[in-house]
Amino acid sequence: MTQDQSRAEFEAWWIVQGKYCRAAGGDYEMYLASQAWQAARAAAPAPARWFPVSERLPEPFTDVIVWPRPTDYCCEAQVDKRGEWSYGVYEHYNGHVNYQAHVTHWMPLPQPPKEQG
């Protein structure tokens with residue numbers, strides 16, 4: 001998002017919600033609110049998005065979420081250095097086995113939850 005787009009988005013929010021922040025005049029409050037807005041936007045994590053495999057591939061051998069799902073119980077796969085996709089399963093008699101997967105889109109795995117204690 002460009003700086004102009006960010007400013008336009010904030011100003012649109014200010015027109016609707018800024019009335020709840022104004023004590024006097026509004027310019028000073030608008031400046032402080034815009035600083036807080038920019039800081040919050042900079043600190044927010046980037047939203048997850050699907051990448052078409054035609055646009056870019058993940059790092060080789062990195063587990064990612066894929067579409068379409070390779071099986072009913074699996075939604076992760078990885079790509080090798082040649083660009084071939086596979087997913088792994090554990091089979092009772094064969095142990096860990098990799099199968100080829102047809103993937104059109106992928107996204108990175110989210111960060112694991114933080115321990116609270």
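## A nonpolar surface patch

Tyr28, Tyr31 and Leu32 make a nonpolar surface patch of about 360 Å². In such a patch, residues have over 30% relative accessible area and no salt bridge, and nonpolar side chains are joined within 5 Å. Tyr28 lies in helix H2 and is exposed, with a relative accessible area of 57%; exposed means over 50%, buried under 20%, with a 1.4 Å probe and protein chains only.

This is a predicted model, in which local features need pLDDT of at least 70, side-chain atom pairs count only at pLDDT 80 or more, and totals for chains, interfaces and linings use all residues. Residues are numbered from 1 along each chain as its sequence is written, and side-chain values use heavy atoms, with hydrogens and water left out.

Helix H2 spans residues 27-43. Its 17 residues reach 24 Å from the first C-alpha to the last, close to the 24 Å expected at 1.5 Å a residue.

Glu29, Ala33, Ser34 and Trp37 are buried in H2. Seen down the helix axis, the buried residues of H2 fall within an arc of 135°, so they line one face. Helix H1 (3-17) is included in what covers these buried residues. The face turned away from the buried side carries the exposed residues Tyr28, Ala42 and Ala43.

## The chain as a whole

The protein chain has two helices and six strands, with helices being DSSP runs (H or I) of at least four residues and strands (E) of at least two. Of its 117 residues, 25% count as buried.

Notes:
The expected span of a helix is 1.5 Å times one less than its number of residues. The arc is that of the directions from the helix axis to the C-beta atoms. Contact means heavy atoms within 4.5 Å. Patches are made of residues with over 30% relative accessible area and no salt bridge: like charges are joined within 9 Å, nonpolar side chains (Val, Leu, Ile, Met, Phe, Trp, Tyr) within 5 Å. Accessible areas come from the Shrake-Rupley method with a 1.4 Å probe; for residues, only the protein chains shown count as cover. A salt bridge is a side-chain nitrogen of Lys or Arg within 4 Å of a carboxyl oxygen of Asp or Glu.
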